[in-house]
Amino acid sequence: MLRRQSVQRRDDAARLAELTDDTRPRVEAALAAWAAAGIPMTITEAARSLERQQELVAARKSRTLYSWHRCGRAVDVMFLWRDGSRHYSPAPERIVDIDGPEGPIHAGSHRTALAWELVGSIGEEQGLQWGGHWQSLADLVHFQHPAGLTWERALADYASAPSAA
């Protein structure tokens, strides 16, 4: 178990390194805040190549090629269970430890939705935009930091950065 968690922390560090200098600290703060709230999360994807984004569009897992992931300004996250595995829903043994907006979140039909609402609000407190609020296609796992830039400008800046992924 400790080995898997150690590997996951290294994976998070590598994915954090793919982000822009002003996005990285916001995501680091969100990861710390989620952990402090008893909701350990892990990054499943950060920066993406055009080819990767095209794969996701072809597989209907994304609707656009104009993703903030391609600019190093977005991450996807999942719940990190004690055994180091990643899941869309919180670990059953952790759920009673999570306090939601209306009190503790317990197992039940709304448990995952309530947990994601809490994850989303904590991410937003760190200055990230949460995909869970999107009307056309809610993307609960997605957080981005456009920083007031147009997508085209953000992509050009990222492509010209010395550490571009």
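Reader: Which element gives the largest share of the lining of the largest pocket?
Author: That is H3, with three residues. Keep in mind that this is a predicted model.

Reader: OK. How much space lies in that largest pocket?
Author: About 600 Å³. The lining has 24 residues, and the closest to the pocket's centre are Arg48, Lys61, Ser62, Asp139 and His142.

Reader: Which elements give two or more residues to the lining?
Author: Strand E1 (41-45), H3, E2 and strand E7 (142-144).

Reader: And how do the lining residues divide into nonpolar, polar and charged?
Author: Seven are nonpolar, nine are polar and eight are charged.

Reader: Let me step back. How many helices and strands does the chain have?
Author: Five helices and seven strands. From the N terminus, the order is α-α-β-α-β-β-β-β-α-β-β-α.

Reader: What share of the chain is buried?
Author: Of its 165 residues, 42% count as buried.

Reader: Switching to charges. How many salt bridges does the structure hold?
Author: Seven. Side chains of opposite charge can pair when their charged atoms come close.

Reader: What does glutamate 45 form a salt bridge with?
Author: Arginine 48. The closest N and O atoms of that pair are 3.2 Å apart.

Reader: Are glutamate 45 and arginine 48 buried or exposed?
Author: Both glutamate 45 and arginine 48 are buried. Arginine 48 also turns up among the residues closest to the centre of the largest pocket.

Reader: What about aspartate 157? Where is its partner?
Author: Aspartate 157 forms a salt bridge with arginine 153, and their closest N and O atoms are 2.9 Å apart. Both lie in helix H5 (residues 151-160), four residues apart, about one turn of the helix.

Reader: How exposed are aspartate 157 and arginine 153?
Author: Aspartate 157 is partly exposed, with a relative accessible area of 31%. Arginine 153 also counts as partly exposed, at 48%.

Reader: Which residues do salt bridges with shared partners join into one network?
Author: Glu45, Arg48, Arg52, Glu55 and Asp76.

Reader: New topic: the backbone. What is phi of arginine 60?
Author: Near 60°, a positive value in a residue other than glycine. Arginine 60 sits in the loop between H3 and E2. At 78% relative accessibility, arginine 60 counts as exposed.

Reader: And what is phi of alanine 147?
Author: Alanine 147 has a positive phi of about 60°, although it is not a glycine. Its place is the loop between E7 and H5. Alanine 147 is partly exposed, with a relative accessible area of 42%.

Reader: Last one, the surface. Which residues make the nonpolar patch?
Author: Leu50, Leu65 and Tyr66 make a nonpolar surface patch of about 270 Å².

Reader: Where is leucine 65?
Author: In the loop between helix H3 (50-58) and strand E2 (74-80). Leucine 65 is partly exposed, at 32%. Patches take residues with over 30% relative accessible area, so leucine 65 passes that cut-off.

Terms used
Residues numbered from 1 in each chain as written. Predicted model: local features only at pLDDT ≥ 70, side-chain atom pairs only at ≥ 80, totals over all residues. Heavy atoms only, no water. Patch = residues over 30% accessible without salt bridge, like charges linked within 9 Å, V, L, I, M, F, W, Y side chains within 5 Å. Areas by Shrake-Rupley, 256 points an atom, 1.4 Å probe, with all protein chains shown as cover. Salt bridge = Lys/Arg side-chain N within 4 Å of Asp/Glu carboxyl O. Buried < 20%, exposed > 50% of the residue type's maximum accessible area, 1.4 Å probe, protein only. 1 Å grid on protein atoms, 1.4 Å probe; cavity = no way out; pocket = protein on both sides within 12 Å on 5 of 7 lines; lining within 4 Å. Points joined across faces, edges and corners; volume = space filled by probe spheres on them. Nonpolar A, V, L, I, M, F, W, Y, C, P; charged D, E, K, R; others polar.
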